[in-house]
Amino acid sequence: MLIGEGILRILGLPHINLLKMNTIVESERGKFTTYDPTLGWKGKENAVDVFRWIDCTCHVKQNRYGFRGREIPHERSEKKRLLVLGDSYTWGFGVDENKIFTALLDQKGEWEVLNLGVSGYGTDQELLLWQIQGKKWKPDVVLLMVNLWTDLWDNISSQRYGYEKPFFILDRTGKLVLSNVPVPRKKAPQSKFHVNESEVTPFWVRLLGYSHLAATLVNTGTKFSSIRNFLEKKNIIPARQGGFEWEARMYTSPRDEEMKNSWSVTTALILRLAREVNAEGGKLIVAVAPGPAQVYPEIWIQTLGKRPNLDPTYPDRFLYSWCRDNGISFIDLLNPLREAANSNPHLYFPVNLHWTAAGHAVVAEVLAREIPKIIK
């Protein structure tokens, strides 16, 4: 055991440690963003700090432009350039710099990869970010990472996560009209708070989490559903969360009026972005970051039950069909993540629901394979 502990300490802790939960929770927006009159909030420039949430601890380094990832000047080099727009999934919630899918793509050396992900952004803010900053890099390809289970609500809201934000409405002619700009400057929500220790794993379990051997054994054991269920029931590891009941509206067809409006605004934003990227000499590719309930069948049942009128693939299939009809390239991430989930229960953090390092690795592999097929 001592030899095993020593070897694993040299190799480092697993990227996700189910035994060691944090009792201090921070807001990534409160810590790594600042007010902006057009965007609502934007990334802080040259921010370097540790970020903690209940089930993750990571190091964050933002460059002089306010984004994570390698600092790339606006001036073009000989390499092809990929720019990625997105929210907290793209920003890399919970993972270190070199484990984010954009960093993994950049490390291959074939492209210059810019990560313009900002936590909490909707497609509306991503469009504005492209107009203000993104197009200055003159990318060959823009990848829009859509997170439907938040974007559909973000894109019709003037306030999200306690922050004021811009949003667009569609006028009678179907034209996008920007609203709530300049964004009202209000006091930001609390950025740091303590979690009741009874809400996380017991102290002796978190103490055991300092053992690399124990953490590795637990991670390995949870690949078996019977062991995982036992550990979750005994509160030794946190139970995997699937999402929220209100998500059911996203998986239902026909849609209610609010969802119809939200989809109309969202697709109009994507089409506007595609045209603007094309006008700058680039090409837009759309991908969807699916939630854990879509990827893991057992989490789907846990969250939404067995309802025949709900389809976990519906929003992704709809957006793919819409993109195809409008001449916009689309990369499927749902099926590859589902396939990877058959052998890896750790593609998502159990509580914050973002991709772990393993999830980012799957996404990077898919993008590295599919983007060259589109850009011939």
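1. Is Asp256 buried, partly exposed or exposed? In this predicted model, Asp256 has a relative accessible area of 32% and is partly exposed.

2. On the general principle, side chains of opposite charge can pair when their charged atoms come close. The count for this structure comes to 22 salt bridges.

3. A second pair deserves attention for its position in the chain. Arg81 forms a salt bridge with Glu112, and the closest N and O atoms are 2.8 Å apart. Arg81 belongs to strand β6 (residues 80–85) and Glu112 to strand β7 (residues 111–115), so this pair ties together parts that are 31 residues apart in sequence. Arg81 counts as buried, at 0% relative accessibility, and Glu112 is buried with a relative accessible area of 9%.

4. A third pair lies within a single element. The side chains of Lys373 and Glu370 meet in a salt bridge of 3.4 Å, N to O. Both residues lie in helix α15 (residues 357–374), where they are 3 residues apart, about one turn of the helix. Lys373 is partly exposed, with a relative accessible area of 47%; Glu370, at 22% relative accessibility, also counts as partly exposed.

5. Glu26, Lys31 and Asp49 are joined in a network of salt bridges.

Technical notes:
Residues numbered from 1 in each chain as written. Predicted model: local features only at pLDDT ≥ 70, side-chain atom pairs only at ≥ 80, totals over all residues. Heavy atoms only, no water. Salt bridge = Lys/Arg side-chain N within 4 Å of Asp/Glu carboxyl O. Helix = DSSP H or I, 4+ residues; strand = E, 2+ residues; numbered from the N terminus. Buried < 20%, exposed > 50% of the residue type's maximum accessible area, 1.4 Å probe, protein only.
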